[in-house]
Amino acid sequence: MATGARLIQKVSSTRAFAKVAPHVVPAMDRTVHRLTRGRVLLSARMLPGLVLTVPGARSGQLRTTPLACMPENGERGGADGGSGAERSWILVGSNFGRAGHPAWTANLLAGPDKAVVNWHGRDIPVHATLLEGAEREEVWRAALKFWPPYAAYQARIDREIRLFRLRGRVGP
């Protein structure tokens with residue numbers, strides 16, 4: 001692993017980062033994503049990223065959130081090689097190691113078939129599944145290898161970090 005990547009992982013594990021990043025990183029990502037018509041997410045330079053749109057659990061209003069993701073099907077971040085229905089991603093509800101679950105996780109729980117991801121400029125309807133039990137443990141181990149700072153996030157909070165698998169689906 002490159003020294004720069006290790007430094008970013010170390011910085012992203014700190015409490016100071018957890019206080020600042022939720023206010024800065026998503027705003028920058030949303031702006032750049034909009035300006036590039038979905039082609040670029042700044043945070044995806046370190047980790048693969050997508051933009052999740054899902055109705056709010058209480059308001060029903062569409063909420064758009066740029067998120068790091070762990071692509072499945074052997075892809076770490078390149079362009080979609082198949083149809084959207086063949087794609088799947090893991091989302092980690094770490095909230096940068098802050099106490100509460102991120103709002104987007106409640107939105108996915110309330111509307112698992114109402115979510116759409118923007119992946120490399122392409123909108124793909126998805127079905128979200130909250131991972132539990134042995135399946136969650138297996139994916140959590142993979143997530144820790146993928147981005148080790150998740151361990152620091154989990155260590156400083158009492159809640160269990162939610163993990164979701166999003167699978168492409170056909171239709172609206």
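Q: What covers the buried residues of α3?
A: The cover (heavy atoms within 4.5 Å) includes the strands β1 (49-55), β2 (62-68), β4 (88-93), β5 (115-119), β6 (122-130) and β7 (162-168). Helices (H or I, at least four residues) and strands (E, at least two) are DSSP runs, numbered from the N terminus. This is a predicted model, in which local features need pLDDT of at least 70 and side-chain atom pairs count only at pLDDT 80 or more, while totals for chains, interfaces and linings use all residues. Residues are numbered from 1 along each chain as its sequence is written, and side-chain values use heavy atoms, with hydrogens and water left out.

Q: Which residues of α3 are buried?
A: In α3 (residues 103-110), Trp-104, Thr-105, Asn-107 and Leu-108 are buried (under 20% relative accessible area; exposed is over 50%, partly exposed in between; 1.4 Å probe, protein chains only). Their arc around the axis, taken from the directions from the helix axis to the C-beta atoms, is only 160°, which puts them on the same side of α3.

Q: Which residues of α4 are buried, and which are exposed?
A: An α-helix has 3.6 residues a turn, so residues three or four places apart point the same way. In α4, Arg-136, Val-139, Trp-140, Ala-143 and Phe-146 are buried. They fall within an arc of 115°, so they line one face of the helix. Ala-134, Glu-138, Arg-141 and Lys-145 are exposed on the other side. Among the elements covering the buried face are β3 (70-71) and α5.

Q: Where does Glu-160 lie, and which residues does Glu-160 touch?
A: Glu-160 lies in the loop between α5 (149-155) and β7. Leaving aside residues up to four places away in sequence, Glu-160 touches His-101, Arg-136, Glu-137 and Gln-154.
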